[in-house]
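Subject: Structure for you to look at

Hello,

Here is the structure I said I would pass on. Please open it alongside this message; my notes follow below.

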Amino acid sequence: MMKITKKLASIEDFFEILNLIEDGKEQMKAKGVMQWDENYPNSSVIKKDIQQRTLWLYGEKKQACVTVKMKGNTVDIHRLVVNSLYKEQGLAKLILQDILDWASINKHIKQVKITTNHTNQSMLKLLLAKEFVPIRSFKIEGRTNYGSFIELSREL
């Protein structure tokens with residue numbers, strides 16, 4: 001599998017990340033994915049991710065980003081987005097594998113979790129191929145019109 005550069009995002013990357021997020025929102029809208037909207041994710045969410053040092057940029061040209069948070073012995077993945085210019089090139093798969101590889105060498109980490117909307121079929125297909133298992137379906141307060149969100153987990 002090919003390798004790709006990654007770096008922890010800094011405040012200098014803020015506007016590029018916002019553009020990447022907006023591109024992701026447009027991709028979702030075009031596919032009928034009911035996950036992100038004009039209010040989420042927003043600039044304060046992105047700033048917080050940067051300040052907490054949990055947002056990673058992938059690629060020399062910042063083709064993708066993802067937020068990775070630790071909660072006890074669990075890694076939580078949030079807001080994985082690939083620029084539309086690079087979609088369907090295996091970048092999301094590579095990023096997930098990078099996170100799984102990193103988590104597996106950290107012996108205290110027992111599982112990796114991610115949540116996606118039931119309409120995000122391409123992400124669900126990728127997660128199932130990466131041996132993630134659906135563990136619960138739920139509605140998000142304030143976003144109930146988006147239907148069910150599915151939390152998936154992969155034990156390490």
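Contact here means heavy atoms within 4.5 Å. By that rule, and leaving aside neighbours within four places in sequence, Ile99 touches Tyr58, Val66, Val68, Val75 and Ile77.

The model is predicted, so local features need pLDDT of at least 70 and side-chain atom pairs count only at pLDDT 80 or more, while totals for chains, interfaces and linings use all residues. Residues are numbered from 1 along each chain as its sequence is written, and side-chain values use heavy atoms, with hydrogens and water left out.

Ile99 is also one of the residues with the most contacts inside the largest nonpolar core, together with Val66 and Ile95. That core has 26 residues. A nonpolar core is a set of buried Ala, Val, Leu, Ile, Met, Phe, Trp, Tyr and Cys residues joined through side-chain atoms within 4.5 Å; buried means under 20% relative accessible area (1.4 Å probe, protein chains only). Elements giving two or more residues to this core include strand 3 (64-71), strand 4 (74-82) and helix 3 (91-105). Helices (H or I, at least four residues) and strands (E, at least two) are DSSP runs, numbered from the N terminus. Helix 3 provides the largest share of the core, 8 residues. A second, separate core of 15 residues includes Ala9, Phe14, Trp36 and Cys65.

Phe14, Ile17, Leu18 and Ile21 of helix 1 meet Ser43, Ile46, Lys47 and Ile50 of helix 2.

Regards

Definitions and conventions
Buried means under 20% relative accessible area, exposed over 50%, partly exposed in between (1.4 Å probe, protein chains only).
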